[in-house]
Amino acid sequence: MTPSIRIIVLTLIPLVLTACGSSGGSSSSPESVVNQDKVALESPAHGATLLNKDFALAWSPSKSKGESQWGVTVYTDVEGTNQAVMTLTTRARSYRPLQLADNTTYTWTVEALDENGETVAKSDTWSFHTFPTRMLPFEGALDLHSYPNEFTAFDGAVYFSAYSPEHGRELWRKQGDTPAEQVADIHDGDGDSAPGELTVCGDCLYFSADDGTNGRALWVMRPDQPPRMAGPEAPVPDGDDDEADEGDEAVPGRDPAGLTAVGEVLYFSANGTVDGDITLWVQGDDVNAAVEVARDGGEGALQHPEIGVAYNGQLYVSAFAPDAGRELWRVEGESAGLLDVNTGEASGTPKGLTVYSGRLFFRATRAGQGSELWVVDGDTGPALFMEIAPGESSSAPGGFTVSDDLLFFAAFTREHGRELWRCDGTPEGTWRVKDILTDPGLGSQVAHLTGAGGVLYFTAKTADEGFELWKSDGTEAGTVLVRDILPGTSGSAIDEMVPFRDGVMFSADGGEAGTELWYSGGDANTTFRLKDIRLGEKGSYPHGLKAYDDTLWLRADDGIRGIELWQSDGTDEGTGLTDNINPYVDPDVDRAVRVGGYVVMVATSGEYGRELFTFNTNGGVEVLADIFPGYEGSHPEDLFVHGDRLFFSAEDKENGRSLWVSRGTLDATGLLKASDGEPVSCPRLFTVCHDTVYFLAVADNVWQLWETSGSITGTKAVTDENNQIVVVGPHVEGLDPDPGLALAAGGDRVYFRVGSDLWTRKIDGEIAQITGVQNPSDFFPVGGSLLFAAETPDESGPASLRLLPAGSNQADAPLECANRILTTPKDFHRTGDMIYFSAVPEGDTVRRLFRFTVSGSTSIVSFPTDAQGRGLSDPEALCGEGGVLWLSADSQGTRGVWQIAAGSLTAKSLLSVANGQVAGIPAYLRTVGDALYFLSDHPVNGDRCLYKAHGGAVSPVLDFNDRPLLKAKNPFVLSGFLFLTAMNPDVTSVEVFQGFWVTSP
């Protein structure tokens, strides 16, 4: 980049970058001012630097030496001699020198001068170094989540499942105040073993997991031992591959779920031995293989079991059998006996199995009685305990919860709806506690029943308060509203209520703070939001609440570090993030454009979701417009700049995906409606012809050709000579993108596809069909002509390369190279006067690289080769400028990066034109001036990193501390700079996280 261009970039992209170099101070003072006060330097250790190396100097006066102005000197080492690059006298207390060079160390001093220009105090000598590779501050960049869940206490620690980018979702544990640690990488690499169903049984921790080889299986862990598959070592499912394929048949005993411990015996559901049914299995110990449970007498397995419950040392479970329907079963060891509620093949459908007062209570259905309250007492069979709703109607009791020697549940009656009931173990002591909402249709819809400290807590709905927190002692008078957390009728959306000490913890929406963590001790004064974890109205949405030893475990999102592991001791001060397991932030910027004097990009933040962002005056990235407030954002797409306007599509709450326009500022960003005052739906494929922007949009369930000048009056559907709107094809709801859409412009014509035909529209409004082609695609304008792919009518075979000459309505015959038609052309790239693309020669099966040029009125298609005359196959990532082409391609079975110089047809390998080494397979090639950037594996740790080939050398790009940019992705070029997302230690902390980076040659 020339200096003049750098000045333009400064004007158009004022990106201030923090922490661009190191600084250090000298302890010595000049002799002329020995023992005098020094000028204090306000500039931080890492100053502010613009992309064009604009460094901010700042200072404060000495204590009192009568200074009236300051002398500033900046100098650098030139061939071993300190040479001043700037000297000035100023009354200001800051200065910003311009046009400092890359990779250069500068030093500076400030002298306090009196009115005669004499030095009365002097600063230490400070140094700073400019670097071409820097990380940009990104306001609200989205810290990725670890989503910890399934908290389970075992062997003095709490085990859980969590995600990290290096290892995927794996098993973790936290013990005391030590940092959380990953227990094992069960699925090697970054694949997910996704541990689930964590269940303690005896002195073992069982769970399901997928190691990537054996499919989802039952795993076990003993204290001080690593996790392993339960039972004997299992074979690979199909016996052929190292990895289990999706098409493999179900392996008996795999895909365990519903793990239930009965003493030291574990029961679970898994793939059955016959017909792929899900059946009940038993794991007697962790060494021997699990066994499929059989009915008494060996009459078959229990199919589709639901989660059971331990009672009297046996498992009671609801399961299906062909001759009995879904019924209750009593299981001991490997044998199950039927406890039939509804005789015959009809199902009793038992649910809510709960042990209370030495008996097993549940709900079940019998013909003529509906779904009612049943009981099993010891070894007896099931018996109807109470018919709450007489006749065939059902009370459907559920939510069984034991509290203070009473069994509470919710039940429905026609007279009162669904309300709170209680039972003391006798039918006479079973009644509705209170008619909270006198609505016979619904009732108060009691839910979230939780016993704590001898009190039942639950949620119920009233006409005035909505769903709120209630409590009960089993009496009508003692059943009261605890607190109206969110005044009004909407309710506070209480969820995940768990006992904690003498009260309950839960999540609730308190209004201005959103959904946060709450505690209740049983009355309004002791019911409060425990902590505002995420400041603002969005809330942290606590989930996974589990209490162990007076500590509450949960996951929450503070809006900065994502959904991570939190703990609480029941106080505000004792509630905090314990471990940021996945500290990586990922702004996910994949493209930016310059509109007017502003840079606009699409990115994701924790505060705004996916929205338009821009650079602020301090060099950081901040939201430009929060089009769709909330976590998701508006997801802007199809960014297209023409003149001083950016056209794009975005989704808002009122209009769905519509046409928007921006001039780069919040005030100049808004919905662009059509001339009839209605939003323009689903705009895409923007192009420009003679200062008019054309695009496709949806109206009346069809895709139409539209045009806009950037104003409401100039935004409308294009019409033909009969004043009929130009329809290009049907719009299928839910299919995005619709197939068969194509639009481009070149010369004085707009090219578009209508059905299977190619049409054009001249700037004067004339519309014409192009003959001789069908199903056109991959439009690439060349001056007033058009290169594209299309099939030949009435002929079979793939699409071929075609040229529509300027001004013609008849496409040329398929283009050839060496007398072979080129089929399925794509990936066109222009560099200088040459257009490169890939295509498959007729009769071949390999995609190869070709070049299109025009000499006078003649079109020439050429075949580039390597130095041995071999063609380059499977070309990708074509880039370059000034006639030079870079690409990734195969030659003789080896994939690498190749360069074709301007005017040449011979490709040279990267390592023949640049010294160095490259690991892995390069991809995502981008050029900035004469430098090539690409992503490939780091030679040491194997992570994807950024490489640069420039000045005859190729190597990984390093930051200011000589660290490579790891886990790099989404590189793009704008105004002579390469931007990307990469992982590296923050310049201001030791934490490693994903950040938004910029570099230049």
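**Cavity lining and an open sheet**

Modeller: The model is predicted. By class, eight nonpolar, four polar and one charged residues make up the lining of the largest cavity.

Biologist: What makes a space in this model a cavity?

Modeller: A cavity is a set of points where a 1.4 Å probe fits but cannot get out. By this rule, two cavities of 30 Å³ or more are counted. The largest cavity has a volume of about 60 Å³.

Biologist: Which residues are the closest to the centre of the largest cavity?

Modeller: Of the 13 residues that line the largest cavity, these are Gly258, Phe268, Leu280, Glu306 and Gly308. The elements that give two or more residues to this lining are β20 (257-262), β21 (265-271) and β26 (314-321).

Biologist: How do you know that β41 and β42 are paired?

Modeller: Two strands pair if at least two bridges are found between them.

Biologist: What is the order of the strands in the open sheet?

Modeller: The four strands have the order β41-β42-β43-β44, with antiparallel pairing.

Biologist: Why do β41 (495-500) and β44 (527-531) stand at the edges?

Modeller: Each of these two strands has a single partner strand, so one side of each is left without a neighbour in the sheet. Neighbouring strands of this sheet are turned by 35 degrees against each other on average, direction ignored.

Methods:
Residues are numbered from 1 along each chain as its sequence is written. This is a predicted model: local features need pLDDT of at least 70, side-chain atom pairs count only at pLDDT 80 or more; totals for chains, interfaces and linings use all residues. Side-chain values use heavy atoms; hydrogens and water are left out. On a 1 Å grid over the protein atoms alone, a cavity is a set of points where a 1.4 Å probe fits but cannot get out, and a pocket is an open set with protein on both sides within 12 Å along at least five of seven lines; lining residues have an atom within 4 Å of a point. Grid points are joined across faces, edges and corners, and a volume is the space filled by probe spheres set on the points. Ala, Val, Leu, Ile, Met, Phe, Trp, Tyr, Cys and Pro count as nonpolar, Asp, Glu, Lys and Arg as charged, and the others, Gly among them, as polar. Axes are lines fitted to C-alpha atoms, for helices over the stretch in contact, and angles run from 0 to 180 degrees between N-to-C directions.
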